[in-house]
Amino acid sequence: MKAKEKIAYLKGLMAGLKPRDEDDQKLLLALVDVADSLAEELEEQQRALEEQGEVIEEVADYCDQLEDDMSRLEERFDDLVGDSVDETGMEPLPCDDDEEEFSSVSCPHCDLTFFCRPDVLDPDEELECPGCGETFPFDKTSA
Ligand SMILES: [Zn+2]
C-alpha cells in the first residue's frame, strides 16, 4: 500500500471514530494533514526522479549514438589516411637502397657503358666517364 492510500485509510478510520474530545480530534487531524503533505512531497520527488531517469536514459542513448558515429568516423579516417601512414606512423626513408635509380650511360668518346644516378645529378653538371675521363652532358632521354 502506498503512503497516500494508508493516509486515506487513516482518514476513513478517523471519520468512523468518535473522538474522546475535540482537542484529540484536532491533533489527529493535524497529524494526518502532515502525513498527507509528506506523501504529496514524496510523490512529487518520485515524479521528478522518474523524469530525471528519462533524461538520463536519453543522454545515455545520445552517448551511444555519438560512440557509433565516432567509430564510423574513425573507420573513414583510417580509410582516408591509412595508405599514407604505415603502422609505425613513420614516413618511409627517402633513400632506400632498393629504390635508388641508376641509369646506364654510354660514353660518346669511348663507348664505355657505366651507371650513374640522375636523381643526385645537377641538371647542368656533366658526367665524367670512368673509362676515358672525358666529360659529357647527361641526356635524360637516352637513359
Ligand atoms: Zn669514355
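Q: In this predicted model, is Asp-111 buried or exposed, and what makes it so?

A: Asp-111 has 10 other C-beta atoms within 10 Å. A residue counts as exposed when that number is 12 or fewer, so Asp-111 is called exposed.

Q: Where is Asp-111 found, and what is its phi?

A: Asp-111 belongs to the loop between strand E1 (103-106) and E2. Its phi is positive, about 65 degrees, although the residue is not a glycine. Most residues other than glycine have a negative phi.

Q: What makes Asp-124 exposed, and where is its place in the chain?

A: Asp-124 has 7 other C-beta atoms within 10 Å. The limit for an exposed residue is 12 or fewer, and Asp-124 is therefore exposed. It is placed in the loop between strand E2 (113-116) and strand E3 (126-128). Its C-alpha atom is separated by 8.6 Å from that of Phe-138, a residue 14 positions away along the chain.

Q: Which pattern does the protein follow along the sequence?

A: The pattern is α-α-β-β-β-β, made of two helices and four strands.

Q: How do you know that the span of H2 agrees with its number of residues?

A: Helix H2 covers residues 22-81, which is 60 residues. At 1.5 Å a residue these should span 88 Å, and the end C-alpha atoms are 87 Å apart, so the two values agree.

Q: How do you know that the span of H1 agrees with its number of residues?

A: The 14 residues of H1 should span 20 Å at 1.5 Å a residue. The end C-alpha atoms of H1 are 20 Å apart, which agrees.

Q: Why are H1 and H2 called roughly antiparallel?

A: The axes of H1 (residues 3-16) and H2 cross at roughly 160 degrees and come within 9 Å. Angles over 145 degrees count as roughly antiparallel, and the pair is therefore given that description. The crossing of H1 past H2 is left-handed. On the H1 side the contact includes Ile-7, Leu-10 and Met-14, and on the H2 side it includes Leu-28, Val-32 and Leu-42. The residues of this contact comprise nine nonpolar, four charged and no polar.

Q: Why is H2 said to lie largely in the open, and what is the number buried in H1?

A: A buried residue needs 20 or more other C-beta atoms within 10 Å. In H2, the number buried is zero of 60 residues, so this helix lies largely in the open. In H1, the number is one of 14, so H1 also lies largely in the open. Of the 143 residues of the protein, 1% count as buried.

Terms used. Residues numbered from 1 in each chain as written. Predicted model: local features only at pLDDT ≥ 70, side-chain atom pairs only at ≥ 80, totals over all residues. Expected span 1.5 Å × (residues − 1). Axes fitted to C-alpha atoms, helices over the stretch in contact; angles between N-to-C directions. Parallel < 35°, antiparallel > 145°, perpendicular 65-115°, else oblique. Left-handed = near helix turned anticlockwise from the far one by under 90°. Contact = placed C-beta atoms within 7 Å. Nonpolar A, V, L, I, M, F, W, Y, C, P; charged D, E, K, R; others polar.
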